[in-house]
Amino acid sequence: MWKYKRFTIVVLLSVLSNCAFGQQSRSPVDSAINWPSPEVEQVYVHGQNYLKLGNFKDATDAFRHAMNLAPTVWQVQKALGTAQYSAGEYKNAAKILDNLVQKYSTDAACHDLLAACYAAQQHYKKGRNALNNGLTKFPNSGLLYNRMGCLYISENKLGKAAAAFLKGIIVNPEYYPNYRDASSVYLNSQNPLWGMILGEMYLNLATDTSGFKHIKQNLYNGYKTLYSSLTDAQLTKRKKHNHYSPEQHFEAQVTSIFEQLYPVISDGISTENLTMLRTRLLMEIMEHNYSAQAFSFFCYHGLLIKTGHFDIYNEWLFGEAESPLEFNAWNNFHQGDIPRFLQWKAANSYRVIAGDIQVLLDATPVAFSRKQKKGKG
């Protein structure tokens, strides 16, 4: 049964990720500011240093002083709103940021932060309005779609949250938090397939490895969820009426093949069985020339198999989730294998391709059981 508490992790991780992405873009933006004097810039730098140290009071004072000296430099007002938000002064921050986005040509992060201020006050409609205004200016912002999804999670509207995260992936494939957050919603639904795919994509795209252990555990459990409702009798019935074919779209093809391959994991979900299952899935797709073979992630799996890394990759992916003790024993017996694989992986990184967009556009909307549906919008 889905539990609302699981999704608090999504919101917290998204806030941290959004901050991280914002910090990556801060230096080039700040260096391009046309300061009226070196003194004003120095006050601003002092404020940023206070902010980094968590001294929000002095940061706020510094940014207020800088704003009085340079009222038309919108980056200073953004910094003031950031300091106030960090200090929990959501109402004051929202007032500053709302005025800012209305008067100046800012950036997507300003709209994101404004929406975060409204969300912290549970003013979700105002938050969505701020994001919609931002998306009018920045229609390809994965950051804003991610915040939209997090707002919907706060309102317990998980179907809309998943749709927002997927839209963020489609318009901005390089903004990785949307893969993670869409995966979390799907994995806790009745159709975990997309949760498994998107979560694994995130693990191969993101450079920040914090949270990987939790995501790997969810992926491992996702395979259990996928097969939990399948009994031998149900599979026999489905085999008579549900054969996969080249005419099926991506999701139907993959789901049908997984059902046909149930005997591979009939004695339980394990890293060894999952490696065999996923190898057989790829073999079926390639052997029958199904359209799913064009999906970039299956191409990457094919490269892993071709180069002899697929077994180690699956151990890295599922080993600890299955059993930390057995994973440690495996590492002791295969010393250096995973570090060598990770070195190879860094030199042969996975990339999303343009053709993946159509596959994502065809993704089935997230579905929940009757007990889960109430309030999920």
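A: Thr 82 is found in helix 5 (residues 74-86); helices (H or I, at least four residues) and strands (E, at least two) are DSSP runs, numbered from the N terminus. The model is predicted, so that local features need pLDDT of at least 70 and side-chain atom pairs count only at pLDDT 80 or more, while totals for chains, interfaces and linings use all residues. Residues are numbered from 1 along each chain as its sequence is written, and side-chain values use heavy atoms, with hydrogens and water left out.

Thr 82 counts as buried because its relative accessibility is 18%; buried means under 20% relative accessible area, exposed over 50%, and partly exposed in between (1.4 Å probe, protein chains only). Leaving aside residues up to four places away in sequence, Thr 82 touches Leu 51 and Leu 113, where contact means heavy atoms within 4.5 Å.

The protein chain around this residue has 22 helices and 0 strands. Buried residues make up 50% of its 377 residues. Of the contacts between residues at least 6 apart in sequence, 64% join residues at least 24 apart.

Helix 18 (residues 310-322) is mostly covered, with 10 of its 13 residues buried, including Phe 310, Trp 316 and Ala 321. The elements that cover those buried residues include helix 12 (193-205), helix 16 (271-287) and helix 20 (337-347). Helix 18 bends by about 40 degrees at Trp 316; the bend at a residue is the angle between axes fitted to the seven residues ending there and the seven starting there.

Helix 16 packs against helix 18 at an angle of about 135 degrees, with the axes 9 Å apart. Axes are lines fitted to C-alpha atoms, for helices over the stretch in contact, and angles run from 0 to 180 degrees between N-to-C directions. Helix 16 is therefore oblique to helix 18, given that angles under 35 degrees count as roughly parallel, over 145 as roughly antiparallel, 65 to 115 as roughly perpendicular and the rest as oblique. Residues making this contact include Leu 274 and Arg 278 of helix 16, and Tyr 313 and Phe 318 of helix 18.
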